[in-house]
Amino acid sequence: MSCAHAAGIRPATFGVLRLPRSVVVGAQQRFAVANIAAEFGTNVLVCTDPRLAVSEELSALVRSLEDRNLTVRVYGDTQAELPTPGILACVEELKGQEVDVIIGFGGGSCMDMAKVVSVLLTHGGKPSDYYGEFAVPGPTKPVIALPTTAGTGSEATAIAVVSDPDLGMKMGISSPHIIPFAAVCDPELTYSCPPSLTAATGADTFVHLVESFTAITREPTSTLASERVFVGKNILTDSIALNGIGLVGSSLVTAYKDPENTEARGGMMLAALYGGMVLSNAGTAAAHAIQYPVGALTHTPHGVGVGLLLPYVVRHNFQAIQPQLAQIAEALGRDIRGLDERAAAVAGVEAIDEVIAAIELPPTLKDLGVQESDLAQIAKLSLNSKRLIDNNPVPLDLDAVASIVNAAYAGDRTIR
């Protein structure tokens with residue numbers, strides 16, 4: 001498919017926005033979940049993790065569901081990074097049980113667990129049957145996503161990411177059929193997040209927004225939306241992304257340094273939702289593709305990896321995304337009046353750097369424990385994430401990815 005950037009096309013009217021049927025945002029809104037769940041029947045499955053399974057927040061959620069005369073079953077053993085054996089164990093446990101609606105309560109892994117379990121309960125098989133785009137054959141059991149971190153945006157996405165031990169890597173299931181029926185975003189659930197988690201999840205949100213806003217612009221054919229889940233930069237996601245970037249600029253550092261600041265927590269919860277909306281439609285790119293092998297090698301949080309990589313990726317893409325970087329500079333509060341295009345774009349890169357530095361992410365891959373001997377393999381494995389590589393605003397081959405990886409290892413932040 002030809003690239004609209006290369007063709008000089010600016011498809012100012014093309015947009016794609018696939019979203020949950022219902023989105024509810026605000027303090028105390030987690031108690032709206034019971035009314036939504038009751039629409040689908042009486043048997044509720046809650047997918048959560050071991051820490052949240054014993055939390056007062058979960059107990060209160062279960063009580064609110066039972067007060068509506070719903071029967072609640074809790075699967076509380078969702079593991080970080082969502083290994084596929086755990087998904088199959090959950091489905092096995094449910095044999096013979098009626099499930100009308102599934103609630104994903106937690107971070108991205110818990111919400112993605114709910115999505116994949118919904119697919120398997122509806123269509124059978126195993127997670128690997130549905131890897132890639134559009135492999136889910138039809139609608140699935142309804143999912144209600146209730147995030148407890150402001151990060152992944154999974155509450156609004158058509159994507160579930162799993163860890164497949166047979167393949168030794170993360171794999172994605174991408175289908176409009178797995179977008180949650182409802183996203184309920186209650187910032188009170190994030191108040192107890194420690195600063196390190198706030199930084200990692202907030203960085204993930206920031207990268208979702210920036211990569212989606214600077215993604216490739218594809219030629220808007222009539223079949224594009226049915227051929228790709230990630231259609232690239234478009235008019236409907238752009239305004240959401242810029243709003244989200246502005247929220248990150250005004251909220252992330254405050255939420256990191258002052259965890260009890262309710263306004264900043266609310267801003268980041270909304271930014272994470274916006275990040276999910278845009279990544280699910282426009283899509284992310286090189287920072288995410290490179291993080292997958294980096295995360296597998298170093299066992300470091302996804303958000304830390306993509307946040308560390310973002311400054312190097314925007315520098316690599318600099319020549320192709322100068323107008324967008326100028327808009328990012330403005331969204332992050334920089335005054336670019338009177339600057340020429342390049343200087344305004346440089347201001348955008350510097351503003352991105354400033355956010356990443358203020359939440360104290362490691363500045364280089366070396367700081368994550370990557371060895372120089374690992375760099376070639378990281379670059380090679382990054383190319384496996386084809387939908388992300390294809391979504392980058394400039395074409396990426398092995399040499400190009402290697403140059404980003406080498407710069408991120410050495411800490412080379414030259415703007416060329």
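Predicted model: local features only at pLDDT ≥ 70, side-chain atom pairs only at ≥ 80, totals over all residues.

Visitor: Which residues line the largest cavity?

Guide: The lining is made by Thr149, Ala150, Thr190, Cys193, Thr198, Thr201, Gly202, Leu252, Ala255, Arg265 and Met268. Helix 7 (195-213), helix 9 (235-257) and helix 10 each give two or more of the lining residues. Helix 7 supplies the largest share, three residues. Helices (H or I, at least four residues) and strands (E, at least two) are DSSP runs, numbered from the N terminus.

Visitor: What makes the sheet an open one, and in what order do its strands stand?

Guide: Six strands form it, in the order 1-9-6-4-2-3, with parallel pairing. Strand 1 (22-25) and strand 3 (71-75) are at the edges with a single partner strand each, so one side of each has no neighbour in the sheet. From one strand to the next, the twist averages 15 degrees.

Visitor: How do you know that strand 2 and strand 4 pair, and how many bridges join them?

Guide: Pairing needs at least two bridges found by DSSP. Strand 2 (residues 43-47) and strand 4 (residues 101-106) have four, and they run parallel. Leu45 has Ile102 of strand 4 as its bridge partner. On to the other pairs: strand 2 and strand 3 are joined in parallel by five bridges, with Cys47 partnered by Tyr75. Strand 4 and strand 6 also run parallel, over five bridges, and Ile102 stands opposite Val143. Strand 6 and strand 9 have two bridges, again parallel. There, Ala145 stands opposite Ala183.

Visitor: Why is strand 6 called largely enclosed?

Guide: Buried means under 20% relative accessible area, exposed over 50%, partly exposed in between (1.4 Å probe, protein chains only). Five of the five residues of strand 6 are buried, so the rest of the structure largely encloses this strand. Val143, Ala145 and Pro147 are buried on one side, and Ile144 and Leu146 on the other. Strand 2 is mostly covered, with four of its five residues buried.

Visitor: Why is Ser55 counted as buried?

Guide: Its relative accessibility is 10%, so Ser55 counts as buried. Ser55 sits in the loop between helix 3 (50-53) and helix 4 (56-66).

Visitor: What does the side chain of Ser55 reach?

Guide: The backbone nitrogen of Leu58, at 3.1 Å. A polar contact is a pair of N or O atoms within 3.5 Å; within protein, one must be able to donate a hydrogen and the other to accept it, and residues adjacent in sequence count only if both atoms are side-chain atoms.

Technical notes: Residues numbered from 1 in each chain as written. Heavy atoms only, no water. Axes fitted to C-alpha atoms, helices over the stretch in contact; angles between N-to-C directions. 1 Å grid on protein atoms, 1.4 Å probe; cavity = no way out; pocket = protein on both sides within 12 Å on 5 of 7 lines; lining within 4 Å.
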